[in-house]
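Hi,

Here is the structure I promised to pass on. Have a look at it first, and then read my notes below.

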Amino acid sequence: GDESEGVHCLLKGLELQGVAPEPLSALRTVFGAAGFARACGALADFFTEHPVVFMRRGMHIAILRARAGQLDQAFATLEAAATRGDPSLMFLPWQPSFDSLKADPRYAPLAKRARLVA
């Protein structure tokens with residue numbers, strides 16, 4: 001619930017993993033200047049561009065995109081996960097981070113394809 005503390009902890013974790021100070025400073029600046037939603041978008045971009053630092057996990061990036069209000073990108077990431085048969089999609093209907101997607105006409109068909117067993 002505490003967005004500021006959450007962002008601080010995430011950035012501290014990245015620092016401990018060896019991420020250079022410059023990108024961390026840029027992410028802090030985005031959060032400070034533009035808020036949590038924009039920071040989520042910037043973090044999704046960072047994780048997508050730096051897979052060595054953060055092993056690509058479609059659900060994590062999709063959550064960040066959804067929280068950033070980047071619905072097209074969130075759905076594209078989820079569709080790619082569905083194509084790969086990503087088992088984490090089975091949590092889609094219960095993941096509160098995707099509540100912003102539920103009114104979109106793309107959500108129901110995607111959720112139907114997310115099954116407990118592939």
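One term before anything else: when I say two residues are in contact or touch, I mean that they have heavy atoms within 4.5 Å. Please keep in mind that this is a predicted model, so I kept to some limits: local features need pLDDT of at least 70, side-chain atom pairs count only at pLDDT 80 or more, and totals for chains, interfaces and linings use all residues. Residues are numbered from 1 along each chain as its sequence is written, and side-chain values use heavy atoms, with hydrogens and water left out.

Let me start with Arg65, which is found in helix H4. (Helices here are DSSP runs of H or I with at least four residues, strands are runs of E with at least two, and both are numbered from the N terminus.) Is Arg65 buried or exposed? Its relative accessible area is 6%, so Arg65 is buried. For that label I use under 20% relative accessible area; exposed is over 50%, and partly exposed is in between, with a 1.4 Å probe and protein chains only. Leaving aside neighbours within four places in sequence, Arg65 is in contact with Gly41, Ala44, Asp45, Thr48, Gln70, Gln73 and Ala74.

Now the overall picture. Of the 118 residues, 35% are buried. If you take contacts between residues at least 6 apart in sequence, 53% of them join residues at least 24 apart.

On to the inside. In soluble globular proteins, nonpolar side chains tend to be buried together. By a nonpolar core I mean a set of buried Ala, Val, Leu, Ile, Met, Phe, Trp, Tyr and Cys residues joined through side-chain atoms within 4.5 Å. The largest one here has 17 residues, and Leu11, Leu14, Leu27, Leu43, Phe46, Phe47 and Leu64 have the most contacts inside it. Helices H1 (3-16), H2 (21-34), H3 (36-49) and H4 (58-67) each give two or more residues to this core. Which helix gives the most? That is H3, with seven residues. Apart from this core lies another one of 16 residues, including Ile63, Leu78, Ala81 and Leu110.

A polar atom of the Thr77 side chain lies 2.9 Å from the backbone oxygen of Gln73. Not counting residues up to four places away in sequence, Thr77 touches Gly58, Ile61 and Ala62.

Next, the charged pairs. A search of the whole structure finds seven salt bridges, each being a side-chain nitrogen of Lys or Arg within 4 Å of a carboxyl oxygen of Asp or Glu. Here are three of them:

- Asp72 and Arg106 form a salt bridge, with the closest N and O atoms 2.9 Å apart. Asp72 is in helix H5 and Arg106 in the loop between H5 and helix H6 (107-113), so this pair ties together parts that are 34 residues apart in sequence. Asp72 is exposed at 54%, whereas Arg106 is partly exposed at 33%.
- Arg84 and Asp86 meet at 3.6 Å, N to O. Arg84 is exposed at 55%, but Asp86 is buried at 19%.
- Lys102 and Asp99 meet at 3.2 Å, N to O. Lys102 is partly exposed at 36%, and Asp99 is partly exposed at 43%.

Salt bridges that share partners also join Asp72, Asp104 and Arg106 into one network.

Finally, Ala34 lies in helix H2 and is partly exposed, at 39% relative accessibility. The C-alpha atoms of Ala34 and Val7 are separated by 13 Å, and the two residues are 27 apart along the chain.

Cheers

Key: A polar contact is a pair of N or O atoms within 3.5 Å; within protein, one must be able to donate a hydrogen and the other to accept it, and residues adjacent in sequence count only if both atoms are side-chain atoms.
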